[in-house]
Amino acid sequence: MNRRKFNLLAGSSLASVTALRSAKAQSASPDPSLLTTTLTPFGAERAGNADGSIPAWTGGLVAPPVGPDTPALVQVFTGEQPLYTVDASNMAQYAHLLSAATQVQITKFGWSLKVYQTHRTSAAPQYVYDNMAKNVTRAQLDPAGGRYGFTNAYGGVPFPILDTSDPLKAGAQAIWNHLTVFGGYSIQDIFTSSFVVINGQQILVNGTVGYSIYPYYDPNGSLETFDGYYSKVRSDTIMPGSVDGQEILIWHSSNTRQKADITWTLLNGEARVRKAPNEQYDSPEAATNGISNVDENSMFYGDPQQFDWKLIGKQELLIPYNCNVMDFTQASEFLLPKFPNPDMVRWEKHRVYVIEATLHEGYRNVVPHRRFYIDEDSWYGAMGDGYDANGNLIKGYNQYLGVVPSMPSIQEVASAIWDLNSGDYAINGPLSTGSHVAQLLIKPVDDSLFDPQQMAAASSF
């Protein structure tokens with residue numbers, strides 16, 4: 001794989017990236033027993049770091065289940081005060097803990113990060129732990145290339161222990177872990193808003209009601225009954241009025257060489273659902289004024305076959321974590337001209353896998369080289385840097401992670417994408433707008449909601 005020459009700022013963020021220690025490097029035949037000894041059930045290191053700023057994992061944050069109509073996100077760690085703040089005046093001291101994009105955002109746009117005590121809150125139900133242990137020895141990347149997908153895994157991230165003997169294989173394993181990360185089986189978003197902030201002005205792109213089901217995590221399913229589509233997501237737009245009634249339905253495949261991802265759309269005034277084969281890769285998100293492309297949502301989203309993926313190593317990084325407060329926030333208070341309100345974002349130090357994505361020969365993408373930082377405890381991508389064809393850093397990606405103790409799980413609370421030239425950004429998440437209040441429910445969702453024909457029949461015109 002050809003490595004691009006990065007500018008000095010991009011390189012400086014990698015000073016603390018280290019190859020995985022040989023004692024922890026795993027071969028193609030990893031040992032599942034490690035998930036109950038030195039590693040967590042997700043494959044992270046159980047131990048804390050040397051200076052104690054990252055504690056040992058002791059089981060995550062778990063609470064009793066809640067009812068289907070009870071909001072799942074709750075306030076956490078509300079009495080804590082920041083340990084320190086990182087801004088332009090002291091950034092050099094903490095540069096080894098910052099992504100390349102974060103350094104630009106601090107120096108160019110005046111960001112500041114309020115850093116809190118680290119809490120390793122990641123957890124999952126026991127059936128997910130059991131499935132991950134099985135996946136260690138049965139999951140396989142597609143023989144034509146890991147970028148296409150995997151087989152023989154179910155009910156947990158497919159590769160909790162990466163095969164670090166081959167960095168390209170490990171990188172593909174890591175991105176599929178991110179794409180199939182556990183966030184529950186069946187959930188409903190009562191309200192999710194999408195904004196762009198352009199020239200300091202907040203613009204509501206849409207407000208939606210969302211329904212998600214993850215067949216890959218069906219507690220009553222199995223490897224034998226899994227149909228290959230790991231998630232089915234439906235989003236119904238309710239505001240603003242110009243797009244009220246539009247709907248989108250997406251099925252995501254765990255092996256795109258065997259089954260392609262499928263997207264259906266329903267536009268205002270049309271009596272039928274249409275397939276949208278081009279709603280992928282670097283297709284622009286039309287309402288974001290060129291800030292965001294489809295595959296940039298949630299750090300990286302959709303089909304990864306355009307890229308070769310390489311594990312660079314592991315490092316400690318400041319990332320947005322345990323950000324539950326965002327679910328109780330009005331957009332008008334949260335969205336500042338160049339970045340979210342620093343008083344409402346919680347940053348913590350966590351260990352992350354550093355993954356490099358380079359465009360595969362013969363493909364085209366407007367962001368052909370990317371670097372992602374994936375939380376070792378949950379496998380959620382947390383941060384990212386995007387480079388153009390000349391190696392210039394042009395985009396930054398943040399995924400704000402929260403904790404749902406009653407599930408239990410880590411969840412994507414919101415995600416944001418920055419144009420690092422202008423400072424304009426797009427953000428999607430549970431930001432309340434007026435009387436529209438964001439809530440996440442752990443709620444059984446009828447399978448028929450994810451049938452494109454039913455979506456058309458139930459729509460009003």
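How exposed is K114, in terms of relative accessible area? K114 is partly exposed, at 23%; that class lies between buried, under 20% relative accessible area, and exposed, over 50%, with a 1.4 Å probe and protein chains only.

Before going on, a note on the model. This is a predicted model, in which local features need pLDDT of at least 70, side-chain atom pairs count only at pLDDT 80 or more, and totals for chains, interfaces and linings use all residues. Residues are numbered from 1 along each chain as its sequence is written, and side-chain values use heavy atoms, leaving out hydrogens and water.

My topic is salt bridges, meaning a side-chain nitrogen of Lys or Arg within 4 Å of a carboxyl oxygen of Asp or Glu. The structure has 19 of them.

K114 forms one with D343, at 2.5 Å from N to O. The two are 229 residues apart: K114 sits in strand 2, and D343 in the loop between helix 6 and strand 12. Helices (H or I, at least four residues) and strands (E, at least two) are DSSP runs, numbered from the N terminus. D343 is exposed, at 52%.

Next, R120 and E376, which pair at 3.7 Å, N to O. They are 256 residues apart, R120 in the loop between strand 2 and helix 4, E376 in the loop between strands 13 and 14. R120 is buried at 7%, and E376 is buried at 2%. Both also belong to a salt-bridge network with E45, K314, R351 and D377.

Last, K232 and D227 form a salt bridge at 3.8 Å, N to O. K232 is buried at 14%, while D227 is partly exposed at 34%.
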